Amino acid sequence: MIAETLYTGFGAWNPIVWLIALAVALLFAWFIQRLGEPDIPGEGESGKSYISGNDEPSPEDGHIGGSNLYWGFTEAMKGYYARVVPLHTGCLTDYVLWFLGTFALLFILIGVI
Amino acid sequence: MMDFIIANAPALLIALPMLGAFALPLVGRLGDTPRNAWVLGVALITFVIAALLAWTVLSGGPVLYTFGAASPADAIPADSGGIPIRIVFTVDAMSAFMAVFASFVGLVTCLYSVASERRSSGKDGYYALMLLLLVGILGMVCTGDLFNFFVFLEINSLAGAALVAYRIDKGVSVEAGLKYGFLSTLAGLMVLYAIALLYGQYDSLNMAVIASRMSYTMLDKVALALFVAGLALKAGAVPMHFWTPDAYSMAPGAVTAFLVVASQAGLYGLFRILFSVYGLTLSYVTVGWAVIILGVLSMFVGVSMAIPQKDVKRLMAYHAVSQSGYMLLGVGVGLVVLGDAAAMDAFGRTAMEGGIFHIVNHAMYKGLLFLTAGAIFLQTGTRNLNKMGGLGHSMKWTMLFFIIGALAIAGIPPFNGFASKLMIYESVFAFSPVIAVIAMVVSILTLASFVKVFHAIFMGPEQPKYEGVGEVPKPMLAAMAVLAIMTILMGVFPEQIVTTVIAPAADALIDQGAYVATVLGGI
Amino acid sequence: MIENIPFFCAGLLVLIGLAVIVTKRDLIKMVMGLALVEAGVNLLLVATGYISGGVAPIFTNAPSTEMVMATVQAMTLTNIVIGIATTALLLSFVMVISRKYGTRDVTEMRRLKE
Amino acid sequence: MNMSNLVRSGANILMPFILVYGFYIVVHGHLTPGGGFQGGAVIATAVVLLMVAYSYENVRASVSKHVLKNSETAGLLLFIGTALLALTAGLAFFGNWLLDLGVIFGTPVAFGVNPGDINTGGIIPVLNIAVGIEVLGAMGLLLLAMLGGLKGDAE
């Protein structure tokens, strides 16, 4: 079974062609990687990772936790998050009020009132 | 035998899981292995029947099934004056499509539960509720009767709420179950109010009859607002999405993967009401834009709330909100151009196909992601991203499945998310470039947030506190593998899926006249 | 006008129920508000099937006069059954919550947020 | 903690009447207002009466949860089984395969005003009885669980 091209009305998408292109690209990458030095540093001093002369951190310290990722993004979007996150109060009454508010907006939009 | 099954497929689709659920207390007495075999057998047979039904519908046109009649096809009795008086199941291409993948996800989640729930108590009730949730979803998507739709909606809500609260967990999951149950019941009652308004005017509960008599009076507008608000809440659209992260984060992994399909049944109900019951009579431009606004809000608020989350399942739940925005967007664009044949051919049909294709894609990859999250929770006992790390060393298969799911949800080729998102981008770009750009930005943010999750869970040095953590049991891996294979297959062969299944489903929604004629005969 | 009173009452009951849900903080009272909404919907359903002067829709009892609509009554009964299941389920959730949290106040029930 | 002698005697006297009335409503569901759910609910109130008159501990000894659970399962299976049997008779799901057969519940309905014959209705009385059995089990279980203080899972 050969995948046909998916026509989206404006363009086309054929996964098989894309996969072949990906395979060729991977082949090139593998080829280039082969040109490099095959040996890895052995045991002892040369095998250790070099972090500006500091000691290697313990596994707990060496892992960057989830909250620390995208700190910059959340910091930059602070104004947005300061408004949106407090809306998720966790209070059932607020959930019902949001539902009723949406309902009222739909009433106006559809033209009942 | 085969003819018998095919002739009665819509009834068996509901009856078999119900029978399976009701007999569970008896079967459960025999022990664990017979119960697992029973549940898996019932789920498998249901899936096979759904597939047979879909094959019948796709090859031979819509199927009618009249409950309680002398003959199933006998929708309009001779002495009824030309209206259907019984409950009629109207299975067209859209219904069959939903039924097939809902029962597929039901089978996979039951398979997963066999291993993930093996140490917990109260398994009779758990599996009975799973099968009842399946009944609720299948009934919602197959029925052609509005009150019957409401009944199955309530079965869906109650079983879902009970499943969310099943593991009490210091009361927190009961809190989530209460919120889910309360809001879905309220939404269900609003839907019933709308049904009563329609029934009072048109003397019928059958969707096709109401569609043929629809005159869009003031009461119909009230009913429409009630329908849209109630069913959009069930589908988890912003700004009524607040129950979604609560319920999805507290339910067990398998239940969450199935709840995604349950809320998509609400989405199906919304589309069915808008297209098949109201159709061209409603002010489709206004309502279409309302659906698009709900969709764009869902996409953006969902993904932006997901990024700072610390709980992995809560994060994925916000992504579920965000992804259902794509479906609302795609079908909303189709609704706006419903009366404009040229625009419908140019981009509306593609947008709807994209939206509908996204429903099944989302069920596959989001189900996969929730199952991996459940597997990680089972092995580590935490959902907090800050406490995890280095699990890629010990859970290699789970990591592989997570990568597949994450790439699919972010719309990276060649996985299935890319194909449907591409259809949505291109058609929506022709409709409104700004919205298409928002959709792409949301996709990028989705990728960014899953990179974060991937790093936080799997990358980094092996943590000493997770030394004893190994791979999850084989049935769970098998369930994840099945979904991963489907994700890849649907990504590699999108054209086959779209032409054989998705395009008839979209046509079934667009062509209101055909839906009416199916039940009432040619008018 | 007088024959429309049941419909207004139905709408009013739904609104009262919604008001109870929104204003009360006790979870049991909120569930009662939900039951009020349900009662309003039931009243609307029954009212749509009523014919003035109609008899109960039982085949063997019916003289050749008009009967009230039986379908809506069946629908109302179904909804009452569903309502009982819902109320029982929600109340048992409230029981568990009040035991685990030590409160029934909805504003205290906020362990899931953000 | 038991209630006074008067209350307990009253409950003892009322008990058979409540049960008979409940079963009457169940069986006559197709002739008079009522039916499986209503009758089952009436029977389940007998459990409440017992629990008011005697203490929860005493009631739990005589009304076992196991029996109630079994009756719930039996009712549901009878209901779905009756509906499924219609398929074997060549009718649609829930088709009335007992109607006019002449055997139990199979007498044709007489026209005109008449008090009604219990031996009519086809599968409808059977479904009513099934629902009655199911509801008395489920409601009894629910009331026991709620009044006694629910320990474990929901429902």
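**Getting to know a predicted four-chain model**

Q: Which helix of chain B gives the largest share of the side of chain B that touches chain A?
A: Here 55 residues of chain B are in contact with 40 residues of chain A. Several helices of chain B each supply at least two residues of that side, including helix 7, helix 12 (284-306) and helix 14 (341-380). The largest share is eight residues, and it comes from helix 9 of chain B.

Q: How many residues on the side of chain B that touches chain A are nonpolar?
A: Sorting the residues of this side by class gives seven charged and eleven polar ones. The nonpolar residues on the side of chain B that touches chain A number 37.

Q: How many residues of chain B are in contact with chain D, and how many nonpolar residues does chain D bring?
A: On the chain D side, 18 residues take part, and they are in contact with 22 residues of chain B. By class, the chain D side has three charged and four polar residues, and its nonpolar residues number eleven.

Q: How far apart are the nearest C-alpha atoms of chain A and chain D?
A: Chain A and chain D do not touch. The distance between their nearest C-alpha atoms is 20 Å.

Q: Are helix 6 and helix 7 of chain B roughly parallel or roughly antiparallel?
A: Helix 6 (residues 146-164) and helix 7 of chain B pack with their axes 8 Å apart, at an angle of about 175 degrees. Angles over 145 degrees count as roughly antiparallel. Therefore helix 6 of chain B is, relative to helix 7 of chain B, roughly antiparallel.

Q: How many charged residues are in the contact of helix 6 with helix 7 of chain B?
A: Residues making this contact include Phe147(B) and Glu154(B) of helix 6, and Tyr180(B) and Gly188(B) of helix 7. By class, the contact has 14 nonpolar and eight polar residues. The number of charged residues is one.

Q: Is Phe93(C) buried or exposed?
A: Phe93(C) is found in helix 3 (residues 70-101) of chain C. A residue is buried if 20 or more other C-beta atoms lie within 10 Å of its own. Phe93(C) has 30 such neighbours, so it counts as buried.

Q: What order do the elements of chain D follow from the N terminus on?
A: Chain D has 155 residues, of which buried residues make up 39%. Along its principal axes, the C-alpha trace of chain D spans about 55 × 40 × 20 Å. There are zero strands and five helices in chain D, and the order is α-α-α-α-α.

Q: What order do the elements of chain A follow from the N terminus on?
A: Of the 113 residues of chain A, 12% count as buried. Chain A holds two strands and five helices. Their order from the N terminus on is β-β-α-α-α-α-α.

Q: Which residue is joined to Pro239(B) by a cis peptide bond?
A: Pro239(B) is found in the loop between helix 9 and helix 10 (243-250) of chain B. Omega of this cis bond is about 5 degrees, and the residue joined to Pro239(B) is Val238(B).

Q: Is Phe94(D) buried or exposed?
A: Phe94(D) sits in the loop between helix 4 (65-88) and helix 5 (123-148) of chain D. Phe94(D) is not a glycine, yet its phi is positive, at about 70 degrees. With 22 C-beta neighbours inside 10 Å, Phe94(D) counts as buried.

Key:
Residues numbered from 1 in each chain as written. Chains lettered and ligands numbered in written order. Predicted model: local features only at pLDDT ≥ 70, side-chain atom pairs only at ≥ 80, totals over all residues. Contact = placed C-beta atoms within 7 Å. Nonpolar A, V, L, I, M, F, W, Y, C, P; charged D, E, K, R; others polar. Helix = DSSP H or I, 4+ residues; strand = E, 2+ residues; numbered from the N terminus. Axes fitted to C-alpha atoms, helices over the stretch in contact; angles between N-to-C directions. Parallel < 35°, antiparallel > 145°, perpendicular 65-115°, else oblique.
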